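Load the model in your viewer and keep the sequence panel open. The stops below are meant to be selected one after another.

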Amino acid sequence: MSNTLFDKVWDTHVVKKIKNGPDVFFIDRHLVHEVTSPVAFLGLKNRDIPVLYPERTFATADHNTPTINQHLPVKDPLSANQLKALEKNAAEHGIPYWGLGHEKNGIVHVIGPENGITLPGATIVCGDSHTSTHGAFGAIAFGIGTSEVEMVLATQCIMQPKPKSMRININGALSFGVTPKDVALYIISKLTTSGATGYFVEYAGDVFKSMSMEGRMTVCNLSIEMGARGGMIAPDETTFEYIKEREFTPKGEAWDKAMEYWQTLYTEDNAVFDKELTFDAADIEPMITYGTNPGMGTGISNGIPKAENVEGGAATYQKSLAYMDFNEGEDIKGKSIDFVFLGSCTNGRIEDFRAFASVVKGRKKANNVTAWLVPGSHKVEDAIKEEGILEILHEAGFELREPGCSACLAMNDDKVPAGKYAVSTSNRNFEGRQGPGSRTLLASPLVAAAAAVTGKVTDPRELLTMETSNN
Amino acid sequence: MAYDKFNLLKSTAVPLPIENVDTDQIIPARFLKATERKGFGDNLFRDWRYNPDDTPKTHFVLNNPIYKGKILVGGKNFGSGSSREHAAWAVYDYGFRCVVSSFFADIFRNNCLNIGVLPVQISPEFLDKIFKAIEVDPNTEFEVSLPEQTFTILSTGEMETFGINAYKKGNLSNGFDDIDYLLNLKKDIESFADTRPF
Ligand code: SF4
């Protein structure tokens, strides 16, 4: 019986069940970017077949784009070639394409919600694992590989076995200075990077109910970092308020009808999950990672754990610390850093820039720090300007760049040099993720801001007063 | 994309006893700029395999000529991270047809199955035995049987079974892919699409 939020949405999208096999699963909306799509379009060409429903696919350029001088031709010939390929493929198949400079351009997972492409009860896929972001709206959303991108283009379906279900409950209120990013890093540190593999997660409890849509997106975005295929949160007034009147959301009668359906999207009281976990909001403090996967996170006032207290192989743990040039048992606070990256589909939304500004306001960027502040989209960029945040940033010695994935995966020129430390609001701290030899410490925009003005890992609560954090 | 049929594979194996090998290690993002599926094998494990000046890191297993074969054996949680299918392409293009681990990340496993690389998940204990067998003799041969769903250490005869759903098994052994299957369902898909509210 469909009685969890996940079941309700999943079961209404199954075109056909295959015995001892995956479900033929219908995709409502498909997001495409330049890096994982060219080979899929090539596949269509080789088979000589069209895109079945071009109006269900939306394309943007984000992964492999410069974050300065976007009005000039892209310098790297390979990147330029990839962008040209997407533009051509989109035009050939009648897919809307929001390329560099377009007012709707930005990171796939930022522009989907912003433009009302992301809706409760919908299924959304994209050739990027952080597609889980869209689950914040009560959608089933997950990342797929290029073969699957081709499948969706050709047939609007993929072959997908139904994942198991997990619910993560967090009740109580978050403490001062603790953000949605900290909630997510806390959960991942408890579950490890493979703790939710094979599951689809529903987040429930007070903490998520009172969270903004931006915050919910941050949490759902990071579901993949504990191995989950995706995460979702039941839609409520906060959700409906956010999506109302956006360009691609239903209007008029269609809206009323959709609302009727959306209001049925919650988990029934008697529902049973394959796995259920509960945490207490009061236990969460600002988090930061010290190792080379997102599960290696700690409360900022705790030190780097000893190998004996860590699950998994000591050899792997030591290799990771050696890469970071950290030692077990050391304090993480006070470590000197070189770069700060505010951005990505995890923390590149307006709320993240507000949080960052609340800390740097009236302070100055530390001299030893190079800071990359990259909005998730042009709309975020516009809001930063309209709200007066840009002035605060400028006064504190920061520049704003143009939208894109940037140093989240460092395919463009925004690369952290070998051996340097970056406090980053993105989602992955793998070896070399931000450039060959780079060392990444994942954290919230507040922690990133505190690092940017002090030049070292700093607890943002030491810089914040109660009022500024609540605005 | 069509790929070779998979049935029986007998080969030596390359050991990589590291946990949480993520797809950024398998193929770093800066090598994802191609618009065709070509040449990814050259950059498989690029930053573990080569120094910044492109000279080989001699201690890395792919640079050690005593290890070779069509089977890659990795530590727990293999293929975590990014959804890039390029990681599976790199594994395939380098010449591997089978990846063995005690645990795989979801998307990587799917991507492998979609391009004709067989992911074989076995118990942690058996994984240790495989690593030991290769350590003792790098020329140890293994046999992967898709029809029987077994993985065997040929020198000792020790064997374990592995799971795969019947649909994917059929695809792999016939060299079919999902699009062939889905295109046959086009009518059903179209009538289903008509019922969707958005
Ligand atoms: S910001 Fe990073 S995680 Fe998000 S879509 Fe871009 S590359 Fe993927």
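Predicted model: local features only at pLDDT ≥ 70, side-chain atom pairs only at ≥ 80, totals over all residues.

**Stop 1: the contact between the chains**

Colour by chain and select the residues of chain B that touch chain A. Chain B brings 49 residues to the contact, and chain A brings 64 residues. On the chain B side, five helices supply at least two residues each: α1 (23–26), α4 (106–115), α6 (166–174), α7 (178–183) and α8 (186–194). Which helix gives the most to this side? That is α4(B), with six residues. Coloured by class, the side of chain B that touches chain A shows 21 nonpolar, 12 polar and 16 charged residues.

**Stop 2: the ligand**

Centre on the ligand and show the residues around it. There are 14 residues in this shell, and those that come nearest are His130(A), Ser344(A), Cys345(A), Cys405(A) and Cys408(A). Two helices of chain A, α4 (108–114) and α12 (344–347), each supply at least two residues of the shell. By class, the shell divides into six nonpolar, six polar and two charged residues.

Stay on Ser344(A), which lies in helix α12 of chain A. Most residues other than glycine have a negative phi. Ser344(A) is not a glycine, yet its phi is positive, about 85°. Is Ser344(A) buried or exposed? With 28 other C-beta atoms within 10 Å, Ser344(A) is buried.

**Stop 3: a helix pair in chain A**

Select residues 180–191 and 213–221 of chain A, which are helices α6 and α8. Their axes come within 8 Å and cross at roughly 20°. At that angle α6(A) is roughly parallel to α8(A), because angles under 35 degrees count as such. The crossing of α6(A) past α8(A) is right-handed.

Show the side chains where the two helices meet. From α6(A) come Pro180(A), Lys181(A), Val183(A) and Ala184(A), and from α8(A) come Gly215(A), Thr218(A) and Val219(A). These residues divide into four nonpolar, two polar and one charged.

**Stop 4: an enclosed helix**

Next select residues 146–155 of chain A, helix α5. How many of the 10 residues of α5(A) are buried? The count is 10 of the 10, so the helix is largely enclosed by the rest of the structure. Among the buried residues are Glu148(A) and Glu150(A), together with Val149(A), Met151(A), Val152(A) and Leu153(A). Step past the end of α5(A) to Gln156(A), which has a positive phi near 60°.

**Stop 5: Gly121(A)**

Move to Gly121(A), in the loop between α4 and β6 (123–126) of chain A. Gly121(A) has 22 other C-beta atoms within 10 Å and is buried, because the cut-off for buried is 20 or more. Leaving aside neighbours within four places in sequence, the contacts of Gly121(A) are Val9(A), Gly138(A), Ala139(A), Tyr261(A), Trp262(A) and Leu265(A). To check a distance, pick the C-alpha atoms of Gly121(A) and Gly437(A): they are separated by 41 Å, with the two residues 316 residues apart along the chain.

**Stop 6: Asp54(B)**

Finish in chain B, in the loop between α2 (46–49) and β3 (71–74), where Asp54(B) is found. Asp54(B) is not a glycine but has a positive phi of about 70°. Asp54(B) is exposed, with 8 other C-beta atoms within 10 Å.

Conventions
Residues numbered from 1 in each chain as written. Chains lettered and ligands numbered in written order. Contact = placed C-beta atoms within 7 Å. Helix = DSSP H or I, 4+ residues; strand = E, 2+ residues; numbered from the N terminus. Nonpolar A, V, L, I, M, F, W, Y, C, P; charged D, E, K, R; others polar. Axes fitted to C-alpha atoms, helices over the stretch in contact; angles between N-to-C directions. Parallel < 35°, antiparallel > 145°, perpendicular 65-115°, else oblique. Left-handed = near helix turned anticlockwise from the far one by under 90°. Near = placed C-beta within 6 Å. Buried ≥ 20, exposed ≤ 12 C-beta atoms within 10 Å, placed from the backbone.
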